[in-house]
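Here is a short briefing on one protein structure. Please look over the sequence and the 3D view before reading the points below.

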Amino acid sequence: MRGWIFDTYPDYQKDHMVSWIKTEDGVDKLVDRKFFPTFYVHGSRKNLKSLADVVSTHKLRDLSFERKKIKLGYDGKFEVLAVTPYRYKDVKLLAKMIDAQGGYRDFELYDIDIRLAQRYLVERGIFPMAYVDVGNEFILLDEQMAMEYPLPELKHTEIGVKVGSANKIKKFNDPVQAIKVGERVFKDADEIDLLRGMVEEIRLTDPDLVYMKNGDSFLLPYLYNRAKANGILDEIQLGRERQSSRPERSGRSYFRYGRVEYKPPLYTLRGRLHIDTGNSFLHMESGLKGLIELARLSCIPVQTLAKLSPGTAISAMQVNQAMKDGHPVMWKKNLPEDFKTAKELMVTDRGGFIYEPVVGIHDRVLELDYTSLYPSIMVRFNISPETLKCRCCPDSKIKVPEIGYNICEKQVGLIAKVLKPVIQRRMVYKKRGKEGDLEYKERSDILKWLLVCSFGYTGYKNARYGRIECHESITAYGREIMLRSAEIAERHGYRVLHGIVDSLWLEGNGSPKAVAEHLRNDVGIPIEIEGVYKWIVFLPCKSMDVGAMNRYYGLFENGEMKIRGIETRRSDTPEIVKKAQYEMLDILSRAENSHEFKETIPEALGALKVWAERVVYGDVDLEDLIFTSRVSKPLEEYAHFSNQVAALTQLEEHMVDVNPGEIVRYLLVNSESMKASGRLKIADLVEDGDEYDKKKYVEHLFKAGESLFQPFGYDLERIEEEYGV
DNA sequence: ATCACCCGGGG
DNA sequence: GTGTACGGGTGAT
């Protein structure tokens, strides 16, 4: 049988691996009962010996002493205890027990926390969506690094549900009103019939992919709950075989980069791929073809990958490379869950190149970006945790600028091995994508995110293959390159207006192409002309009179605008403020230069005044006035009576639980009220004709005007005076 | 003035 | 078993 490895996952009840093979005429389920993961423990000989005695009292498949290359970048072997647990779920349990036994100090554990499917695929030498011949074993008819690969035709459908709730607060207990499966709509019937109709439609149309918006966060748990309430839970089968209605992993709130996030329970389907189109970052960013490309590279099956972040994927690729090189993977407890872009990370850590912006408007500004500066540095200078300050090349000719660390000359580091092909693939895909092929654009887009996040995963001390010295070295090279670039630009007649990490804004009459070409040749890292602005405004901090690093807006020669840091870009800005600010920007976009820009300001503020009038006279869609905000903790932990507290209080009265990290939506009724019900109204309860805090909304509108025009003498006070209603 | 708390990526 | 950026904003105390 020939086909594509469509999905792979462990069955923790039966302790075998399941693969679904998509063939020309259907889908086949394949069970592999011969896969049993082994993990390794390293410690002193004495400790290992006594550990072996303890561990051998447990039911195991195998226990032995072996020699393994546990040090990355070193081929010498060390004695380890190899443990093959009896059951899949015992890997973590035994590891925890052993770790505790050694006082969290005596033992180093390896190959504990690798996704089983990923490990299985790597050990079998296959990968997701690989074309294979399946007999007694997998015979690969495909290459993991191939840039052209055949893919099966995949049938897809989308499920959507209309909830019959009394008000707009959707609850798990509200009955189903209608269900849409692809083009079929089930409605005007008993709830049981609606649910059965959906199941039957899925069975008949037999899709490979099931898209659901908020499938994890609402739809699937809701449908299971309704089926249960109607006593037909066992009939709800949306996959290609029966499965539990319980999620793969339960929901949880967790702390990530200074804020609380909520990850809902995750639901997978057996034999089909469920993709939550509302919650899959990778799918939203790139689409199915991007997901498939990354699944192939990372050995994370598509359905799983759809729920993960780019950082997790890059980390998986590093793990795979280590496994292929014969290195067991050190157990890394409590990895950061998600990614942060190089810009975010670097600006804050003060490691990246920064040239404080010259506040105000500037004409004819050239923006140059190194698209993959940090990944390129890692590859070019071979920066990796094991190559940096390596013992084998103390006199290496490669020395990190400013810091002077030596870098290995003898072997290519893990990070470079992983990133080099990613950079190369991205370049090729990007080119083809620009020629109009959407599939290549999707692939290029997903690899872009991989590259953007790769630095965070190498520089961060908590990352699996992270090392603080890597972080320092990459930024040191980055600064050197950017300073040199600025110098070269100046020789071309430009003046640096602003610079940050990998971008430069230049004012002057040089030739953009000539300077970019010069930089490309001199630095040897791809640089791109982001564009030439007819004009660009760098904004100051509202409180102090210094340039803010990431607040600006400008108009490119092609008519597009680039906007950063102001209200339109924030998720907690009500729609009406965004609309008003967009309208002002739209009016400004007719200005060809700074002179015309300044003449246009009154017209833009006039438009703002119209929005303020609408607010005052009640000529607004209440939906446009809704604030959206994420809550960071449970109600009782808040110290101040903020809008979030008022919203949470009101929701609690309506018996709605909000997990830390989830959002609340509300209409501001009276910002001065110290009572929850007086302060605001939950968005789902808002009705036509509801009153709202006109004064406050007008103030928000005018603040959005201030954001744009503060450098031109229009502060809040003046706008209120001249354009107040 | 100081403290508390939220956002940052894209569409 | 444990820590968690930082600059920029708004709003509460």
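**Backbone, charge pairs and surface**

Y104 counts as exposed, at 63% relative accessibility. Exposed means over 50% relative accessible area, buried under 20%, and partly exposed in between (1.4 Å probe, protein chains only). This is a predicted model: local features need pLDDT of at least 70, side-chain atom pairs count only at pLDDT 80 or more, and totals for chains, interfaces and linings use all residues. Residues are numbered from 1 along each chain as its sequence is written, chains are lettered from A and ligands numbered from 1 in the order in which they are written, and side-chain values use heavy atoms, with hydrogens and water left out.

**Positive phi**
- Y104 has a positive phi of about 60 degrees, although Y104 is not a glycine.
- Y104 sits in the loop between α2 (90-101) and β7 (108-110); helices (H or I, at least four residues) and strands (E, at least two) are DSSP runs, numbered from the N terminus.
- D206, also not a glycine, has a positive phi near 50 degrees.
- The loop between α4 (191-205) and β13 (209-212) holds D206, which is partly exposed at 33%.

**Helix α14**
- The 24 residues of α14 (residues 468-491) should span 34 Å at 1.5 Å a residue, and the end C-alpha atoms are 35 Å apart, which agrees.
- The expected span is 1.5 Å times one less than the number of residues.
- G493 follows α14 and has a positive phi, near 90 degrees.

**Salt bridges**
- The structure holds 52 salt bridges, each a side-chain nitrogen of Lys or Arg within 4 Å of a carboxyl oxygen of Asp or Glu.
- K430 and E528 pair at 2.8 Å, N to O.
- That pair links distant parts of the chain, 98 residues apart: K430 is in helix α12 (residues 414-434) and E528 in strand β21 (residues 527-540).
- D445 and K441 pair at 2.7 Å, N to O.
- D445 and K441 are 4 residues apart in helix α13 (residues 438-459), so about one helical turn separates them.
- D445 is buried, at 18%, whereas K441 is partly exposed, at 40%.
- E623 and R665 form a salt bridge, with their closest N and O atoms 2.6 Å apart.
- E623 lies in the loop between α17 (594-617) and β24 (626-630) and R665 in strand β25, so the pair ties together parts that are 42 residues apart in sequence.

- K324, in helix α9 (residues 310-324), is 201 residues from E123 in sequence, yet their C-alpha atoms are 8.5 Å apart.
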